[in-house]
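Please keep the sequence and the model in view while reading.

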Amino acid sequence: MSHAALNDLEATGKSCPTQAPPSTLRQIYETHTGPARVTAARQGLWVAVLVYLLFAASDVILIPDVAATTILARFIVALLSLVVLEVCCWAKVGPRGIESISAISIVAGYLFWLIPALETTAIESIRLYMIFGTIFMMGANLFFIFPFVLSVVTSIVVLGVLLASMVAMFPSDPVYMINFGLFYVSCFIFTSYVNWKLNGERYNVFLNALEAAHQHREAEKRGVALERLSNTDYLTGVENRRAVDKRLRDYWTDWQSEGKAFAAILVDVDFFKKYNDFYGHQAGDRCLILVASVLNDTLKPLNASVGRYGGEEFIVLSRVTGRDQVMALCEIIRSAVEGLHLVHDQRRDGQAVVTVSVGASYTRPQSGPKLERIINEADRALYSAKANGRNCIRLFNPNDPLTSDDNENIAATLRMAIKNDLVHLVYQPIQNLRTGRVEAVESLMRLKMIDGTPLSPAQFIPVAERTGAILDLGLWAIRRACTEVLATGIAPMASVNVSAIQLKSRGFALAVSTILEETGVSGSQLAFEITEGIDMEGQSDVIRCITDLQALGIRIWLDDFGTGFAGLSWLRLFPFDTVKIDRSFLQDARRPAGRAMLEDIIRLIRNRGLKILIEGLETADHVELMHELGIELGQGYYLGRPVPIDEVRIKAFPRLATVAGL
Ligand code: C2E
Ligand code: CA
Ligand code: CA
């Protein structure tokens, strides 16, 4: 009742009872106590009528001569009252009407009994029996819950009837009149007073209930707001980690108990750190807000939820089943963000807008009993998406080596390699075969896992390239080679292997020139070995970068020549300084056809006026062959294995040690 009253109160424009004018409150009170008053009056009248009829027995005892008439009167009044009452109730007459019927019944009950009763010859009996009129008065004031005015009017009428009949019957008995008159009047005053108090009390109870309901509702509203706040990400307005975790647990329980499948999709904003660093934190925040809201708008109609899972990572949960559905949803997510066309020209992969990498996993019979597993799988798929160039989607595939635990460990190791001293360089001499002089050293990277297990470059370089870790590691290698062997004068020249990703990254040439400046090394002492593993046609930024590096005096060597798919066109594209012929040609040279092939390649490079370096010299025969072919530069285990910097000084390059005075 109080909540309905509260709604009415709010409809008047006030939400708090203390703000509403008394007339409004009164009106609301009337409206909302109405049904209870009807019920109370109806029940009251039925009880009163029954008691009234029971008193027929006392008529027989006290006024037997007129009892037949009074009893008949009682029955007529009783019947009429109840019939009128029920008809009015059926006709949905309001509380005032029903209460008025009850009030009239009270008066009628007394009056129509009294008139025939006064005809009795049992004067002494009626003298006292009349007093029961006060019961009718009390009935109006105390028994029924009438409004004060109706109570007073009813009891005044009963009082009037009492006084009038007393005066009419016993005019010559002043003692009786004074005693009973005073009794009637005081009875009227006290019961009316109690009625007035009761009505006030009832109204106050209503107001208190209204106030309590109001406070309850306010508390509820505050609770709901608080609940919403504690589940919402403060920046983007989507679900926060807490809410996501809860939703995940719910989905997982449903999956475990009812087999309801779902997908967990991790969405990571590509190169967000770059975006933040360049455009500023405010723009970064705005970017996240826009990404969150486009995800929310796109996914809500598809019954998927979006939450922020960490920094620039979002998570989408959806009850989709099956590979195709999940992939479709992932693609919707990816293209929605790309469709924002948010400018991001600081990324190093040739794209100029904000994009996301998406990794997903979904419940399968092999999902196992642990919830974390599905998130872990989605995370690995995300990692795979990033490793595959970003702005793409990947679904967890247990057979995909890229999502294997090994590669995850390598990626994690690479992230902390520099800081934790897990990486170092080894150097392999490059010798002038005619003079025997070490003309340069090739620096090769070595990595060990945190437990000390060494990893070969064949294992970690591809992972570093896919994750982008090669960017920092590559610069680290250049700096290290400069400080370890060039700045110290240990070798006249050093070559460093450089990945295509580094050449594509913005600001690479600038970073290299800073290293040269800081280490005091001349660019002409440095050579970068580039493999022909990527198609360079149309890669204008790579060409620009190589030109910038050459402007610093750095030599560009073409590594592993003959193994890639763009070998010859490469020779056409760049003015390489030296070409390193892959060791596979040397192995083949034992056969006449292989030797002819090697000779052809050598001729081709010489025709372009480039220097030649042959890798993989493992035997004295290999060196002999080089002499025959007139090759000047060679590198291989026969001449010297790659060794750490300490060994470079004392053992590996005795000639060099002499030159350097060590
Ligand atoms: P690469 O540039 O062709 O390096 C030469 C590889 O051949 C080295 O292997 C070296 O140890 C090995 N080698 C040298 N002489 C001989 C020989 O006589 N016989 C045989 N069988 N092998 C010989 P490593 O150090 O395992 O490096 C493998 C590849 O990893 C390198 O091939 C290079 O592409 C890459 N790599 C190594 N360090 C770096 C680096 O700092 N940055 C980048 N981007 N790539 C690197
Ligand atoms: Ca190399
Ligand atoms: Ca090579």
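At least three residues from each of domain 2 (241–395) and domain 3 (417–660) take part in the lining of the largest pocket; these bounds come from an automatic or database domain assignment. The model is predicted, with local features needing pLDDT of at least 70 and side-chain atom pairs pLDDT 80 or more, while totals for chains, interfaces and linings use all residues. Residues are numbered from 1 along each chain as its sequence is written, and side-chain values use heavy atoms, without hydrogens and water.

The largest pocket has a volume of about 1400 Å³. A pocket is an open set of points on a 1 Å grid over the protein atoms alone, where a 1.4 Å probe fits, with protein on both sides within 12 Å along at least five of seven lines; lining residues have an atom within 4 Å of a point. The volume is the space filled by probe spheres set on the points, which are joined across faces, edges and corners. Of the 50 lining residues, I461, E465, N497, S499 and T531 are the closest to the centre of the largest pocket. Helix α16 (residues 457–467) contributes the most to this lining, with six residues; helices are DSSP runs (H or I, at least four residues), numbered from the N terminus.

The second largest pocket holds about 870 Å³ of space. Among its 26 lining residues, K386, R390, R415, T467 and G468 are the closest to its centre. Domain 2 (241–395) and domain 3 (417–660) both give residues to this lining, so the second largest pocket lies between them.

Conventions:
Chains lettered and ligands numbered in written order. Helix = DSSP H or I, 4+ residues; strand = E, 2+ residues; numbered from the N terminus.
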